Structures are given as C-alpha cells and as structure tokens.
Amino acid sequence: MQWTIWNISKISIIIQCYCAPEIVAHKPYDKQVDLWSVGILTYLLLIGCLPFTVNSKEKDIINQILNEPTPYPIKQWKNFSFTAKSFVMSLLQKSPEKRLTVKDALEHEWLNIKKDKETDSNFKRTKSNFAIYCKLQDI
C-alpha cells in the first residue's frame with residue numbers, strides 16, 4: 001500500500017472512533033476509556049460497522065462521539081438479544097461514571113448466558129483470559 005495523506009488521515013479518523021469521549025475532549029481519563037473501546041469493538045463485531053460515520057471529517061467524528069447519541073439502528077440490531085444490546089449500551093455511555101466497570105462487564109448477564117457445553121467452555125476461557133489480562137494490566 002502506498003501511503004498518502006488520504007490514507008493517513010483515514011487511519012487517524014478510524015482510530016478516533018475507538019477513543020472515549022474524555023480522550024477526544026482532552027479531559028483527564030482513567031481505565032474506563034478501555035471499557036468504551038470494548039464497547040466499540042463489541043458493536044463492530046456484532047453489527048459489522050463502527051457506530052460513528054467513518055466517512056465523515058475528523059471534526060464530525062469528534063462531534064458524534066461527544067454530542068450525538070450512539071446509533072442503534074433497528075435493522076441491524078433486530079437479530080440480537082436485549083442483553084447483547086444492553087451490554088454494548090452500558091459500555092458506550094458518554095459519562096465514564098455511568099459506564100460499566102471491568103467487574104460489572106464481566107458479570108453482565110450477556111456474558112453469563114448459558115450456551116451449549118462447547119460454547120460455554122470457550123466463553124468461560126475467554127472471560128478468564130480477559131480477567132487475567134485486566135489483572136496484569138492493573139485494570
């Protein structure tokens with residue numbers, strides 16, 4: 001790939017989509033910004049796109065993150081459970097105080113729904129690995 005100003009600015013915009021509002025606003029922040037990013041990644045994995053319009057200009061992305069409600073289009077979310085949407089919504093709270101903590105995220109109902117034996121085993125392993133990672137990172 002040849003790097004152009006357009007490529008670099010596009011990457012910059014995409015990276016900003018993962019940044020919590022407090023980072024975008026240049027305010028003090030703590031580990032809650034990581035939970036915002038988990039929410040963005042979960043949204044992306046479930047829906048297949050980012051919640052903010054990547055084709056916008058940088059200032060428009062910042063405005064979306066800071067001021068506009070996170071979109072949950074019915075067409076894309078209709079096949080997902082209320083608990084899945086609740087998990088994402090709880091992580092994508094603009095106020096870090098309202099966002100789920102790591103402990104609350106790991107205990108969220110959506111992550112603890114019983115599936116078949118193999119899925120349940122994989123899910124527990126993923127949760128365990130995430131908990132270990134958070135402990136190692138002092139999150």
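Is Tyr43 buried or exposed? I looked this up before anything else. Tyr43 counts as buried because its relative accessibility is 2%. The cut-offs I use are under 20% relative accessible area for buried, over 50% for exposed, and partly exposed in between, with a 1.4 Å probe and protein chains only.

**Ground rules**

I am working on a predicted model, in which local features need pLDDT of at least 70 and side-chain atom pairs count only at pLDDT 80 or more, while totals for chains, interfaces and linings use all residues. Residues are numbered from 1 along each chain as its sequence is written, and side-chain values use heavy atoms, with hydrogens and water left out.

**Entry: helix H3**

I looked up the helix that holds Tyr43. Tyr43 lies in helix H3, residues 32-47. Helices (H or I, at least four residues) and strands (E, at least two) are DSSP runs, numbered from the N terminus. H3 has 16 residues and reaches 23 Å from its first C-alpha to its last. That is close to the 22 Å expected at 1.5 Å a residue, where the expected span is 1.5 Å times one less than the number of residues. I noted the buried residues of H3 as Gln32, Val33, Leu35, Trp36, Gly39, Ile40, Thr42, Tyr43 and Ile47. After H3 comes Gly48, with a positive phi near 95°.

**Entry: aromatic pairs**

I then searched for aromatic pairs. Rings of Phe, Tyr and Trp (its six-membered ring) pair if their centres lie within 6.5 Å; planes under 30 degrees apart count as stacked, over 60 as edge-to-face and the rest as tilted. The count comes to six aromatic pairs. One of them is formed by Tyr43 and Tyr72, and it is tilted, with 5.9 Å centre to centre and 55° between the planes. Tyr72 lies in the loop between helix H4 (58-67) and helix H5 (74-77), so the pair ties together parts that are 29 residues apart in sequence. Tyr72 is buried, at a relative accessible area of 16%. I also found that Tyr43, Tyr72, Trp77 and Phe80 form one aromatic cluster.

**Entry: nonpolar cores**

Next I looked up the cores. A nonpolar core is a set of buried Ala, Val, Leu, Ile, Met, Phe, Trp, Tyr and Cys residues joined through side-chain atoms within 4.5 Å. The largest core has 17 residues, and Trp36, Tyr43, Phe52 and Leu92 touch the most other members. H3 and H4 each supply at least two residues of this core. H3 gives the most, with five residues. Another core, of ten residues, lies apart from it; among its members are Phe87, Leu91, Leu106 and Leu111.

What does Leu92 contact, leaving aside its neighbours within four places in sequence? I found Trp36, Gly39, Ile40, Tyr43, Thr70 and Tyr72, where contact means heavy atoms within 4.5 Å.

Thr70 is in the loop between H4 and H5. Thr70 is buried, with a relative accessible area of 11%. Not counting residues up to four places away in sequence, Thr70 touches Tyr43, Pro51, Phe52, Leu92 and Lys94.

**Entry: salt bridges**

How many salt bridges does a search of the whole structure find? I found two. The rule asks for a side-chain nitrogen of Lys or Arg within 4 Å of a carboxyl oxygen of Asp or Glu.

Glu22 forms a salt bridge with Arg99, and the closest N and O atoms are 2.9 Å apart. This pair links distant parts of the chain, 77 residues apart: Glu22 is in helix H2 (residues 21-24) and Arg99 in the loop between helix H6 (82-91) and helix H7 (102-107). Glu22 counts as buried because its relative accessibility is 5%. Arg99 counts as buried at 3% relative accessibility.

Glu107 forms a salt bridge with Lys103, again with the closest N and O atoms 2.9 Å apart. Both lie in helix H7, four residues apart, about one turn of the helix. Lys103 counts as exposed because its relative accessibility is 55%.

**Entry: two loop residues**

I looked up Thr101 in the loop between H6 and H7. At 33% relative accessibility, Thr101 counts as partly exposed. Leaving aside neighbours within four places in sequence, Thr101 is in contact with Gln32 and Leu35.

His26 lies in the loop between H2 and H3. His26 has a positive phi of about 60° although it is not a glycine. I noted His26 as exposed, at 76% relative accessibility.
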